[in-house]
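Subject: Structure handover

Hi there,

Here is the structure I promised to pass on to you. Have a look at it first, and then read on for what turned up when I went through it.

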Amino acid sequence: MNDPFLNFKKSMRKNVFKDFSFTDERKVRVNEAIQAKRSSSTLHSFSKDTILAILKSLQLEAKHGFEISTQLFQIEEHYFLHNEGQLYTLLHLLENKEVLVSMWRADKKYYALTTKGRKYLSSASKKGYVKQPYLLKELLKEVSL
């Protein structure tokens, strides 16, 4: 696969970075910073159990984020304990994938399952269902960044 930035990189080396040199220590620090950034991006790798807990919390009625968060804590799902903002990121991703739909009521954003979301939840609830692992794997792939 061709690097779409190859010409840009060559141009930068010839013009912008031609007078720069990095010590080995600096290269190590830059590599560490890049690795740290990559590992922080894996925060968006949500588990199957976390997604299913959210879908189950919305099974009977639409709820706003705080209600969902409270219910997750009650069932011992602590993924969002110290990063509550990630819950809203996941809700937004699930909404973009048409697993959830949102609506505003009295200044609160409520989330509800769509038909697609109900199918995911239904397939996950059926043990031995052949397509279930595929569907969850697909959903996890879709909502992970």
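The protein chain has seven helices and three strands. Please keep in mind that this is a predicted model. Going along the sequence, the elements follow the pattern α-α-α-β-α-α-β-β-α-α. The protein chain has 145 residues, of which 28% count as buried. If you take the contacts between residues at least 6 apart in sequence, 54% of them join residues at least 24 apart.

Let me start with the helix packing, and with H4 in particular. Helix H3 covers residues 48–57 and helix H4 covers residues 65–74; their axes come within 10 Å and cross at roughly 120 degrees. That angle makes H3 oblique to H4, since 65 to 115 degrees is the range that counts as roughly perpendicular. The crossing of H3 with H4 is right-handed. On the H3 side the contact is made by Ala53, Ile54 and Ser57, and on the H4 side by Ile68, Gln71 and Leu72. Sorted by type, the residues of this H3 and H4 contact are four nonpolar, two polar and no charged.

H4 also meets H5. The axes of H4 and H5 come within 11 Å, crossing at roughly 115 degrees, and this makes H4 roughly perpendicular to H5. H4 passes H5 in a right-handed crossing as well. Here H4 contributes Gly65, Phe66, Ile68, Ser69 and Leu72, while Leu87, Tyr88 and Leu91 come from H5. The residues of the contact of H4 with H5 divide into six nonpolar, two polar and no charged.

Is Gln86 buried or exposed? Its relative accessible area is 15%, so Gln86 counts as buried. In sequence Gln86 is 40 residues away from Phe46, yet their C-alpha atoms are 9.5 Å apart in space.

Next comes Tyr111, in strand E3 (residues 108–113). Tyr111 has 4% relative accessibility and therefore counts as buried, the limit being under 20%. Which residues is Tyr111 in contact with, once its neighbours within four places in sequence are left aside? They are Leu58, Ala62, Lys63, Gly65, Ile68, Tyr88, Leu91, Glu95, Leu100, Val101 and Ser102.

Arg29 and Glu25 are four residues apart in helix H2 (residues 24–41), so about one helical turn separates them. Arg29 is partly exposed, because its relative accessibility is 48%.

Lys109 forms a salt bridge with Glu95, where the closest N and O atoms are 3.7 Å apart. Since Lys109 lies in strand E3 and Glu95 in helix H5 (residues 84–96), this pair ties together parts that are 14 residues apart in sequence. Lys109 has a relative accessible area of 24% and so counts as partly exposed. Glu95 is also one of the residues in contact with Tyr111.

Most residues other than glycine have a negative phi. Ala106 is not a glycine, but its phi is positive, at about 50 degrees. Asp107 also has a positive phi, near 65 degrees. Where is Ala106 found? It is in the loop between strand E2 (100–105) and E3, and Asp107 is found in the loop between E2 and E3 too. With 73% relative accessibility, Ala106 counts as exposed. Asp107 is exposed as well, because its relative accessible area is 76%.

Note on methods. Residues numbered from 1 in each chain as written. Predicted model: local features only at pLDDT ≥ 70, side-chain atom pairs only at ≥ 80, totals over all residues. Heavy atoms only, no water. Axes fitted to C-alpha atoms, helices over the stretch in contact; angles between N-to-C directions. Helix = DSSP H or I, 4+ residues; strand = E, 2+ residues; numbered from the N terminus. Parallel < 35°, antiparallel > 145°, perpendicular 65-115°, else oblique. Left-handed = near helix turned anticlockwise from the far one by under 90°. Contact = heavy atoms within 4.5 Å. Nonpolar A, V, L, I, M, F, W, Y, C, P; charged D, E, K, R; others polar. Buried < 20%, exposed > 50% of the residue type's maximum accessible area, 1.4 Å probe, protein only. Salt bridge = Lys/Arg side-chain N within 4 Å of Asp/Glu carboxyl O.
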